[in-house]
Amino acid sequence: MAYSDKVLDHYSNPRNVGSMDKSSNEVGTGLVGAPECGDVMKLQIKVNPQTNIIEDAKFKTFGCGSAIASSSLATEWVKGKTVDEALQIKNTEIVKELALPPVKIHCSVLAEDAIRAAIHDWKAKQGAAKPVAVETK
Amino acid sequence: MVIDTSKTISAPASGDTTASCWSCGDMRAAHFCHACGKVQPPLPVNYFSFFGLPRKLNVDVLRLERDFYELSRKLHPDLNARADKREQEWSLEQSSLLNDAYRTLKDPIKRTQYLLRLEGVELEEQSKTATEKARASGEVKKQIVPPDLLEEVFELNMQLEELRMNKKMGEHDPALVKDLEAHKAQFEKKYEELAEELKGHWNRWDQAVDRNNGDERRGALDSMVDLLNRRSYIRNLVRDVNEALGN
């Protein structure tokens, strides 16, 4: 199966690879996996507590080219968005952007899961820090 | 998880009991006419009913093997070489069905996976549906693989990457190799323990089938999906470690 140019581009030049301090209050971490293929994906976001804007995002994915490209793209897309905007990202948009074939759709699902998990983690931290203040609606 | 329970065990164990033999018109048994012994055309049966078994997971493998050898002899295309042309074809089709059914049912994991498929469990569909649900409700999706296992898988992958990088640079880090070996041993142990755990789920499933308890059945299917997911994770990981260590 041939990868699309966009997948190849993200695969050979992945954006935002790395990690951030998991214990920081401004950082949300999402760790998700696709057992069918053994992939595991970690996506982290750093959120400005005043604006709720995602200022930085990092990822590290062990998996196929499509999984790496999906998470690389996800970090690009969430940056500069508010957490609520980032929650609107759908896996189908990733599929479209990367021209993923049907057998690789689960990679995009994984990336969406990772975004949601990271935001959930961040929100939970805000809830623990200041119970009422951050209701991001 | 959405499981289609409409097509579960209520299907007759063998749907061909009421058909009549194409040759003599008598009622026929599963694979041969019990009256004249001619090979019958294969029916769209599942592998369980092919062997006349209920859709249960505890299978007497010795009996299965006996049945397999007996049927292979009787259905062998060579034996029916002088038979009616149609019968020859059916014998060929039945033989290949027999082989597939036997290979699937004798293996505990393949048998379990096959049952899940029969019960309409599609892992990927499930994951997609769960993501869509999470998106709609704003809840975070429950990961199929437990978080601590994910964490371990991630960590081990990090170490593997380091090892591969070392190799590339021509460096050797004995402490890292030792660490990896130890991790691998742990995962292999976990892998073995899964076989025992699976038997527990089989029993739950078989009992639920006997009692015709839909909730219990669904619960057992869920547990098996969960187990197979963990299993494939661990299997891939051990394979990767072996590759990286050059075993």
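Mentor: This is a predicted model, and we begin with one residue in it: Asn52(A) counts as buried because its relative accessibility is 18%, and buried means under 20%.

Trainee: Where does Asn52(A) lie in chain A?

Mentor: Asn52(A) sits in the loop that runs between strand S2 (39-47) and strand S3 (54-62) of chain A.

Trainee: What is the phi of Ala99(A)?

Mentor: Ala99(A), also not a glycine, has a positive phi of about 50°. The loop that holds Ala99(A) lies between helix H4 (91-98) and helix H5 (105-129) of chain A.

Trainee: Now the aromatic rings. How is a pair of them described?

Mentor: Two values are used: the distance of the centres and the angle of the planes. Over all chains, a search of the whole structure finds six aromatic pairs. One of them joins Phe50(B) and Phe51(B), with 5.6 Å centre to centre and 75° between the planes.

Trainee: Why is that pair called edge-to-face?

Mentor: The pair of Phe50(B) and Phe51(B) is edge-to-face because its planes are 75° apart, and the term applies over 60 degrees.

Trainee: Are Phe50(B) and Phe51(B) buried or exposed?

Mentor: Phe50(B) counts as buried, at 2% relative accessibility. Phe51(B) counts as buried too, at 7%.

Trainee: Which residues form one aromatic cluster?

Mentor: Tyr47(B), Phe48(B) and Tyr114(B) do.

Conventions
Residues are numbered from 1 along each chain as its sequence is written. Chains are lettered from A and ligands numbered from 1 in the order in which they are written. This is a predicted model: local features need pLDDT of at least 70, side-chain atom pairs count only at pLDDT 80 or more; totals for chains, interfaces and linings use all residues. Side-chain values use heavy atoms; hydrogens and water are left out. Helices (H or I, at least four residues) and strands (E, at least two) are DSSP runs, numbered from the N terminus. Buried means under 20% relative accessible area, exposed over 50%, partly exposed in between (1.4 Å probe, protein chains only). Rings of Phe, Tyr and Trp (its six-membered ring) pair if their centres lie within 6.5 Å; planes under 30 degrees apart count as stacked, over 60 as edge-to-face and the rest as tilted.
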